[in-house]
Amino acid sequence: GRIANDIHAKRTRWKAKCVGKGHVHAAAEAEAQTVVKRTPSGAAAQGAGGTLAVHGGERGGRPRVSDSLTTPIVQTSTYTFQNTAELIAYQEGRYGSYEYGRYGNPTTRAVEEKLKAMERAEDCLISSSGMNTATTMLMALVPAGGHIVTTTDCYRRTRQFIQTVLPKMGITASVIDPADIQALQEALDTHEVSLYFSESPTNPYLRCIDIPLVSRMCHEKGALVCIDGTFCTPINQRPIELGADIVIHSATKYLAGHNDVLAGAICGTEDVVSKVKQVHNVLGGVVDPHAAYLVLRGMKTLELRVERHNKNAMALAEVLEKHPRIAKVHYPGLKSHPEHEIATKQMSGYGGVVSFEVDGDLETTSKFIDSCRLPYIAPSLGGVETLIEQPTVISYWDQGPEMRAKLGIKDNLVRFSCGIENFDDICEDVLQALDKI
C-alpha cells in the first residue's frame, strides 16, 4: 500500500508540474494515468440502446495511449472539460489542453515540435497546404498598405497571390532578380519594406539566395526575412541559422515524402508564429490529424531519403551537362550554376530537383518527356517516385507564349524531381529518351 501511495503521489506531482507549465503532451500522459475519467452517474452505463451506442465503452474511461510506440492520431474536432473550473484554468493558461480542432491537435502538435527542432526555431505551425502557409503568413505579417520584396523566379501561385490579391489590401511589391543585391538595397531605401520573401533554391530555375547577406540588409531596415525552404529541407539548409526570421515549407513535398498528403508549415520565433496563428485560426486552413500523422511518419526517414535524392540529382545533373541534346542544366551543385558558391557555403546538399533545357522546341521537349518510362508526368516533387514535367505545359499553358517569355518560362525547360530509385535506372531511362529526339 505504501508503494502504491508513493507512486500515486509522484504521478500527481508530475501531472501538476506538466499542467502548470502548459506542456500538453506531458499533461495528457499524466492524465492518462487516471483510468476513470468523467464517469456519468449511471446514465451512460445503464441507458437505452441509443445512449449506449453513443457513450458505451468510452464515457467511463478511455484507454491509456501513452505506451503506444507511434504517436496516436487524435481524430477529433473538439475537446471536452470536466467542469467549468477546468475550462477557466485552460482559458487562463493554467491547464494544458486543447479547445477546438481549428486551434490545435495533439497529433499536429507533434509534427510542429519535430519540425521546429529540426529548423532550430522557437515555434512552428502546420497548416493544410504550402500555399495556405504562404498566403496566411503574408496576410498576417504585412500590414495594409505595406510593401514586400520578392524574387522573379518563384512558384506561380505565390506570384499570382502577390500580384492579384495583396494589391486589394494596398500591399505593393518589388520583384527583383534573386542575385540583384543592388535592386534589393534600392527597394529597402525607397520603400518601408515589411518583408522579404523568396524561395531558396527557387522554382523552377533553382536560384539561391545569399541568406546571411540578405538578412543583414533587411534587418538594418527593420524588415523580416522569410525563406521558402521546400526544395532544400532542414537536412540540406537551415535558413534561421543563416539569419532568416522565418522558414516555410510545402510539407507535401520532401517532409512528407510519399506524394500522399497536402500540408504546409511555418517556423520562426514565438512572436512571429503567434501572429500567423491568429490569422490561421480565423481563416481555418487546418491540416487533418491523419494528414498530420502522415507528415510525422514521413519525417522520420527524411534524412535517409534526402541523401538519396541529393545523390541521384547530382549524378544526373553531371550526366546531362555533358549530353549533346541538352542546352543547359540548372542545378546548384554544378560549378556552372550562377550561385554555386553561395549554395556551397550555406547548403550541405543541393536537393533532388534538376531543371534543364532540351536542345529543341516545345514539341521536341514534349517528345523527350513522353519517351521517358520511369518518371510519372506530374506537377510536384520531393516524393519517393521520380516525377517529370514541362512547366510550359503543366503550369503555364494558359499564359500564352508572350507571357511565358516575360516570366522566363522556356518551352524547352524540363523540371526533373529525382526519386529514390536506383540511379542507374533513372539515368538509363533519361538517356534512352534523349536518344529518341
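## T158 in helix α7

In this predicted model, T158 belongs to helix α7, which covers residues 156-165; helices (H or I, at least four residues) and strands (E, at least two) are DSSP runs, numbered from the N terminus. T158 has a relative accessible area of 6% and is therefore buried, where buried means under 20% relative accessible area, exposed over 50%, and partly exposed in between (1.4 Å probe, protein chains only). Apart from neighbours within four places in sequence, T158 is in contact with M131 and F197, contact meaning heavy atoms within 4.5 Å.

Within helix α4 (residues 84-91), the residues E86, A89 and Y90 are buried. Seen down the axis of α4, the buried residues fall within an arc of 100°, so they line one face of the helix; the arc is that of the directions from the helix axis to the C-beta atoms. On the other side of α4, T84, A85 and Q91 are exposed.

At the N-terminal end, α4 is capped by N83, which has a side-chain oxygen 3.2 Å from the backbone nitrogen of A85. Just after α4, G93 takes a positive phi of about 80°.

## R415 in strand β12

R415 lies in strand β12, residues 413-417, and counts as buried because its relative accessibility is 7%. The side chain of R415 makes a polar contact with the side chain of N203 at 3.0 Å, and another with the side chain of E389 at 2.8 Å. A polar contact is a pair of N or O atoms within 3.5 Å; within protein, one must be able to donate a hydrogen and the other to accept it, and residues adjacent in sequence count only if both atoms are side-chain atoms.

## Basis of the values

Residues are numbered from 1 along each chain as its sequence is written, and side-chain values use heavy atoms, with hydrogens and water left out. Because the model is predicted, local features need pLDDT of at least 70 and side-chain atom pairs count only at pLDDT 80 or more, while totals for chains, interfaces and linings use all residues.
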